[in-house]
Amino acid sequence: MNDTLESLFNTGYMPHGHCYLWKPDILWLNVISDSMIAFAYFSIPVILYYFVKKRPELEFKGIFILFSAFILLCGLTHVVSIFVIWHGAYGVHGLFKLATAIVSCITAYKLFSIIPDALKIPTPSAMKEVLELAHKEKLERLTAESHLSVQEAIKESENTLRSIFNSLPIGLHMFDLKGDELFFAGYNKAAVKILGEAHTKHVGETIEAAFPDVAGKEIVDTYKNIAVNGGEWKDETVHYDDSEVSGVYRVQSFQSKQNSAIVLFDDVTQAHKQELAIKQKDRFINAAFNAAITAVYIFDLQNKRIEYLNQTFSEQTGYTLDDFQDANTDSLLSLVHPDHLSDLKTFLSNIINEHKDINHEHIEFQMRHLNGDYVWCLAKYLILERDAEGNASKLMGSFLNIDSQKAMQFKLVKLKNDAEQANETKTNFLANVSHEVRTPMNAILGLISLTLKMDLGDKQREHLERMEVSSKALLQILNDILDFSKLEAGKFSISNKTFELQKLLDMATGIHSLVAKDKGLFLNTRISSTLHTHYVGDQLRINQVLNNLIGNAVKFTTEGGVTLNVSSHFEEGIEYVCFEVRDTGLGIASKDIDKLFDSFHQVDNSSMRSYGGTGLGLAISQSLCALMAGEISVESELGKGSIFTVCLPLQPAKPQDVRDDEPNRDHQQIIQSLSGNHILLVEDNETNKIVAEEMLAMLGISSVHAKNGEEAIVAFQNERFDLILMDLQMPILDGYSAASTILEMAQENDRDIPILAMSAAVLDSAQDKVKNAGMLDHISKPIDIEILHGKLSTYLSWKSDAQLTSATHSMGRLNQKGIDAEQSTFTQKLQHFDIDAALGRMAGNFILFKQLLASFLHDHKESIKNLEAAVEAHDFELTQSIAHTIKGAAGTVGASAVQREAFKVETAVEKAQPFEIKALTNELAIALQEIERILDDSAEATDSNMRPLLAEMPAHEKERYIEMLLDTLRSGAFLSELDLEEQFPYIQTCLNDDQFKSLKEHIRYLEYDKATKLLNKAIGNL
């Protein structure tokens, strides 16, 4: 038994779909047909059940139930047929078929058993005869009964009609036409209530006698016509007035029977008065809207149409209400300018959906006038009506034509933009002037500083010191002008960081202490014991303000001295640190104090004017204090000194933000700590690239060069770097875009890469652009090697001294001997070059100078021919460009005569003046010849000088050095011959000439695996 049941309910048999190989067309043909059959089978029992419920008197209900069960089981069988297509449940399928077979057999048996009784049911024709006979008998009976009750029915109908008339809430009069006269025949109760009892006594009289006010009026003829011809007439406002009755009535008349008329009426006197009042109010409102200076319209949100607009709307747009009869929301919005359409739709949507009837906001947009022009509108909207659900149904809008105001606004905006542009132009001009003057000024100060370190006579030292003070004063004036321009343009920003108060005060007073001492003045600092050691603020700007105040105090004080008092107080829980600069100087007259902080203002006193200055210092100080949310004040009396007080809201630094200063490191320690880092140098200018590479090499930093942002991205993808130096203005892809892309890539790959910008930009806008691109800092060009050291030491990881191998030190000692000898030779033979000046610009780096000479020779071999061709072709733009390029490069390598002549040509072309290029080409040719000759001699001299020195170097140190180079090659870092110029002599001693030539070629063509094999062989030769 269990086996049988298990077999019946087993679904593991081969599915039916296998029979037609799961072909989709046959499979879905079976599924769809079985589904449709099943649906039809399931519907039939429902229909039969509904029919049986509606006809309970029917015989044979059982057969209907059996037939329904049979059909239902058939439907289930087809559903199971769909199931067995995918699952072989043939036992279940058979059980459903068995159940269907049993029910179908029972149904067949029952049908056979009821056949005799079913045959006794009458045929349709027999049933028709029976029904016709019954109908005839019923009709005869009804006819007889109707003859008996017709009089009673008429009487009952009259009573019913009378009751209806009397129950009407409105008045009713009946009139009969006899001959040519219309007689008052009757009334109902409501008529008595409306007109009074008195009029009922006129029943039977003519209409003119009963209602005197209608005599001679058209209404009488109207009633007569209706009594004769039928029809209907109505009037909403019939005025009636006689001695007994007066008022306004709503009247309707129709024929009751031939020659009879019924008049229905209702007293609407009060409603008429209210209607008149409403119309009068509407006229008043319409007049008020039409008198308004704003255009007004009402929009039906449900029917999507404008239902009202005032006269001002037509005057301002040219459209009338007739123009919008077929308009909907979209056609109305089509008049709005495309630039404003989206904003207006959002504005209206917010008003309609906010469920606030009053909106205080307004919007400006342009609407197209009927003449095609656009007019500016200042619009406001409110919801006028809502439906039962609270949804807005009517919207009222009003707007004012503001064309004249917008024209004035645009004019003001243009004037503002022009003013800002002029100010921007002025700022850029000042920045450029400042940059151009600052560069030679920095050279002057640098040379003075270097000269002051030499052995000098007292008089010479005194003159140089005075030159240094004057140069710094001039530089300060330039800085003041640039700062003032930035402040005036609103481009000055404050940077709040943690700083130590004592260090700030030391910086502020330190640069003035020597001047005060020379003048025999005291310069004291007093600090309140309640102050914190560290605060958060802009140390640079605070120092700038204090420098100005202390400098002025020392400048204008001849006896006594200056005291800087520092204290604090609290206002509303905020700590204010106050810096008070008190002097015993000349003082200021009260009439001059109010103008003291005006730009370019100086006290008008001959004794004061003798001290010079631009009159910008205090104006800048006041602006800086305002930017730092503080204030500056002054107290002074002529002849008794002055007190300047600066109060700034400064927040004490949090303990975790206060760090001990990093131990001071001398220059050699910085070099040692930075050595071993690997940098990507992105620079499109060959000369700048050589300068930067050499400066990095002096720090022991290896570098890979990319000419533009695109190459930089590729290099970053292929190699790991500790830092990137990024030029900003480059072809193909600039530095800003390249930095952003590299930082995104670094973030995606979980890499941390600091990027520093390199440019000559001085404006805050350029600095902001650098920060927005994600770069951490900025190094100004021309590059100062000390600043470069400082920036790199900030952002590069410190390297331990152990990483500096003895091989590196040994090579440095050997190199220096050869370099000193070679530099002496260059000084003797390069007669047309200012070598000292060139080396001064390169921090004394002779190798860099030598590389720049080679670069100059390579870059300008064709310049003479190109220059002559440009002049001959009258291509003055190209002539100026070539001269400009020669000028810059010549200045870098110390070719002063070439630089001078190139400058003359460039200036003459720029000013459209006559010029000659012969002097320039002659000087350039001489310089190129000297460079080529000295470089050829140098190659031989270097080899002869270095070989005996290399003999001193132990083999194990050479091996260490070559191992370091092997590590670089194995890392895949890019190397050039220029990168290895210093190292080649050491390797050359370990290889023969052919091998050494092969090594250089392998490195040139990036065949690092072959270069590695040669170096391993070199180690073997040691």
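Here is a short walk through this predicted model, from the whole chain down to a few individual residues.

Let's begin with the overall picture. The protein chain has 1022 residues, and 39% of them are buried. Its secondary structure comes to 36 helices and 23 strands. If you consider contacts in the chain with a separation of 6 or more, 63% of them are between residues 24 or more positions apart.

A pair of aromatic rings is described by the distance of the centres and the angle of the planes. This structure holds 14 aromatic pairs. Take Tyr 249 and Phe 265: their ring centres are 6.5 Å apart and their planes meet at 85°, and because an angle over 60 degrees counts as edge-to-face, that is the name for this pair. Tyr 249 belongs to strand S4 (residues 246-257) and Phe 265 to strand S5 (residues 260-267), so the pair ties together parts that are 16 residues apart in sequence. Tyr 249 has a relative accessibility of 6%, so it counts as buried. Phe 265 is buried too, at 6% relative accessibility.

Other rings join up into a group. Ring pairs link Phe 175, Phe 184, Tyr 187, Phe 211, Tyr 223, Trp 233 and Tyr 240 into a cluster. Keep some of those names in mind as we turn to empty space.

Rolling a probe the size of a water molecule over the atoms shows where empty space is left. Across the whole structure, the search turns up two cavities of 30 Å³ or more.

The charged end of Lys 178 sits over the ring of Phe 183, at 5.7 Å from the ring centre. Lys 769 places its charged end over the ring of Tyr 736, 4.5 Å from the centre.

Next, have a look at His 705, which is in strand S20 (residues 702-706). Its relative accessible area is 19%, and because buried means under 20%, His 705 is buried.

Phe 903 is found in helix H31 (residues 896-910). With 46% relative accessibility, Phe 903 counts as partly exposed. Its C-alpha atom is 7.1 Å from that of His 884, a residue 19 positions away along the chain.

Finally, let's check the backbone in two loops. Most residues other than glycine have a negative phi, and most peptide bonds are trans. Lys 304 is not a glycine, yet its phi is positive, at about 55°. Lys 304 is in the loop between strand S6 (295-300) and strand S7 (305-309), and at 41% relative accessibility it counts as partly exposed. Ala 629 also has a positive phi, near 65°. Ala 629 is in the loop between helix H19 (617-627) and strand S16 (631-637). The relative accessible area of Ala 629 is 54%, so this residue is exposed.

Key: Residues are numbered from 1 along each chain as its sequence is written. This is a predicted model: local features need pLDDT of at least 70, side-chain atom pairs count only at pLDDT 80 or more; totals for chains, interfaces and linings use all residues. Side-chain values use heavy atoms; hydrogens and water are left out. Rings of Phe, Tyr and Trp (its six-membered ring) pair if their centres lie within 6.5 Å; planes under 30 degrees apart count as stacked, over 60 as edge-to-face and the rest as tilted. Helices (H or I, at least four residues) and strands (E, at least two) are DSSP runs, numbered from the N terminus. Buried means under 20% relative accessible area, exposed over 50%, partly exposed in between (1.4 Å probe, protein chains only). A charge sits over a ring if NZ of Lys or CZ of Arg is within 6 Å of the ring centre and within 35 degrees of the ring normal. On a 1 Å grid over the protein atoms alone, a cavity is a set of points where a 1.4 Å probe fits but cannot get out, and a pocket is an open set with protein on both sides within 12 Å along at least five of seven lines; lining residues have an atom within 4 Å of a point. Grid points are joined across faces, edges and corners, and a volume is the space filled by probe spheres set on the points. Contact means heavy atoms within 4.5 Å.
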